[in-house]
Amino acid sequence: MEKTLEYSDLLSKFEVFFSEIYYDNLLKAVQAATPVIVDFEDLEKFDSEVADYLLENPDEVFQAIEEAVSNVDIGEPIDTKIIVRFTNTPESGSVAIKNVRSKHIKKFVAIDGIIKQASEVRPEITLATFECKACGERINIMQEEQQLEKPYMCACGNKQGFAMVARKMIDLQRLEIEESPDRLEGGAQARKLAAFLQADLVDPKFQKKVIPGAKVRVYGIIRDIPLKVEKGKETKRRDLYIEANYLETIEQEFEDLDITEEDEKAIKELAQNPKIYDLLTQSIAPSIYGYEKIKESIALQLFGGVRKVRKDGVTTRGDMHILLVGDPGAGKSQLLKYVAGLAPKARYVVGKSTSGAGLTATVVKDEFMRGWALEAGALVLANKGIAMIDELDKMGKDDRSAMHEVMEQQTVTISKANVQATLNAQTTILGAANPKFGRFDPYTSIPEQIDLPDTLISRFDLMFIIRDVPNKETDTRLVRHILKMHENPDVQQPPIESEMLRKYIAYAKINIAPVLTEAAQKEIEKFYVSLRNKYTGEEQSAVPIGARQLEALIRLSEASAKVRLSDKVLKKDAKKAIDLLMEYMMAVGVDPETGQLDMDRLETGTTASQRNKIRLLLKVIAEMQEESPEKTVLIEDVIAAAEEQGIEDAEDIINKLKREGELFEPKQGHIRKV
């Protein structure tokens, strides 16, 4: 049975609490015109009975607190109302959003979640003064309901003709809090709950915490309001919201994982194992056969590099982005799904059913506040986590363009409907795409096959080609693996259980920030400089490696050191990074005409040898055009002259240049340089 306390007892106890225990805090709050933040544990130590009563009857307790605070003598007059806010309530006072029920109405609770949507700040009337038009009497009415309350009758008998002559207002903001993905069970839909902030919680300084995508804990009172119906009628069904007393941001996802001393000991033992990289590889999607290099890269991606913020404000991302391109049915989606289930904070989206706004952020009409609200998309909600984007090639051109800023600057800038905001999106991206014509063609460049812009492709640190090539030995092992899986689904157990792997990654990300040693720096420098200058001396020579690949090498090396829980990046970490980078570059970056490594083939689709041919062909056309009185050249003559120069595919190049607008055909069989 719920115990009741007399109001007078509450008042006297809080007067003692604020005049003795929290006097200094109260004095500072009055002088700085800020609220008094009370740690619930301090109240519990003072009087556990009062603390428990607060959770059950917050309205009565807050009324007593307001009166008690005003009764405390602090030696100076108090012009404004002192607000008292509570934090650090016990675990028993926390409720998951999906578990909020009618029994929680008018109770003080704490809820955790991610801010999905934030409305504009708008004023609300708390006290209205009405004047009777008949006798001039003034009547004050507290505005506690959703509708504006007016006087029913004046002392003079007048029931009509009241004019509002004064009002007291506070600022109000509505948030939509969504359950954190790592708290969801299976494929459950994330539940949402509205939260209302007012007074100092909507101050500009505090508003820095209230951004979509931020993970927060909201302390407050659960209230109910009638659902909207036609003609202003009140329905029996109610909607729930939380009237926020206090809001605090929570450290992001990995901090949520509870790592015990036993876990820490097991993690350190794993890190010392000389075969740790093999164990990690075998623990990533063990039911999918093969793809060892891809799995190792995904493992390093989960550990991530080190984010660096320099004194001049320039930041270098530590997150790695990986793109899987390959034949249908090769297991790309299954790999993505597995990582989505493994990572503590993950979002899985499919390109065809995803818009640019759904990926980044958008501004939506807020029906409740009658204004505009900012709503975060998948990449913002996965801030400091990982986002899986399947069928990346099926996304619309405009929707894909929204990813450019996220992948490099790691922010999302919105400027729509008078809302200007920059949101954090420190998100790791694991993407998958299919070639245009079904099967991957090793003799055609990546940009021509997957319909992605070169600017987006270049932002991926690693790219892997998954090809389904018939091979008797490989096919036999694959078939046996699949048959065993069907015979006994539990036959393929990972060496490191998913829960332990999750804690291992979390521990490394929180505690380890490795620094490059001199030996590692020299190894990377030697590789980069020697490879970059491999083909110099030739005019318009190939560029085998660029600055973005160098950054990728550093991130991979740091991730490798994190796996070992080492605060130093050693030479062997640099070598591992180089091996993985070369695996990817040799698969997609070799020019089939020259056999040279050319990153332009990967990033722009045009190799150095092709550029040389185009330059040479345009020079031939320009010279022939000068000699022609009509300033046009026969295509047949151009092809013959090009063949003399060693250009065998001149006709294909001419057609390509016509499509790109470099050449045009004024009449049949004649071309002219633009």
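Biologist: From where are residues numbered, and which pLDDT do local features need?
Modeller: Residues are numbered from 1 along each chain as its sequence is written, and side-chain values use heavy atoms, with hydrogens and water left out. Because this is a predicted model, side-chain atom pairs count only at pLDDT 80 or more, totals for chains, interfaces and linings use all residues, and local features need pLDDT of at least 70.

Biologist: In what order do the 5 strands of the open sheet lie?
Modeller: Strands are DSSP runs of E with at least two residues, helices are runs of H or I with at least four, and both are numbered from the N terminus. Two strands pair if DSSP finds at least two bridges between them. The pairing in this open sheet is parallel, and the order is 13-16-19-12-20.

Biologist: Which are the edge strands?
Modeller: An edge strand here pairs on one side only. The two are strand 13 (346-350) and strand 20 (462-466).

Biologist: Which residue of strand 20 is the bridge partner of Leu323?
Modeller: Strand 12 (residues 322-326) runs parallel to strand 20 and is joined to strand 20 by 5 bridges. The bridge partner of Leu323 in strand 20 is Met463.

Biologist: What angle does the direction of helix 8 make with that of strand 20?
Modeller: Helix 8 (residues 292-303) packs on the sheet and touches strand 12, strand 16 (386-390), strand 19 (428-433) and strand 20; contact means heavy atoms within 4.5 Å. Axes are lines fitted to C-alpha atoms, for helices over the stretch in contact, and angles run from 0 to 180 degrees between N-to-C directions. The angle is about 150 degrees.

Biologist: Which residues touch the most other members of the largest nonpolar core?
Modeller: A nonpolar core is a set of buried Ala, Val, Leu, Ile, Met, Phe, Trp, Tyr and Cys residues joined through side-chain atoms within 4.5 Å. Buried means under 20% relative accessible area, exposed over 50%, and partly exposed in between, with a 1.4 Å probe and protein chains only. This core has 93 residues, and those with the most contacts to other members are Met403 and Tyr504.

Biologist: Is His104 buried or exposed?
Modeller: His104 lies in the loop between strand 2 (84-87) and strand 3 (108-119). Not counting residues up to four places away in sequence, His104 touches Val95, Asn99 and Ile222. Because its relative accessible area is 14%, His104 is buried.

Biologist: How many Å apart in space are Glu497 and Ser283, C-alpha to C-alpha?
Modeller: Glu497 is found in the loop between helix 16 (472-487) and helix 17 (498-511), and is partly exposed, with a relative accessible area of 45%. In sequence, Glu497 and Ser283 are 214 residues apart. In space, C-alpha to C-alpha, the distance is 7.4 Å.

Biologist: Which residue in the turn between strand 4 and strand 5 has a positive phi?
Modeller: Strand 4 (residues 122-132) and strand 5 (residues 138-142) run antiparallel and are joined by 5 bridges. They form a hairpin with 5 residues between them. The residue with a positive phi, of about 85 degrees, is Gly136.
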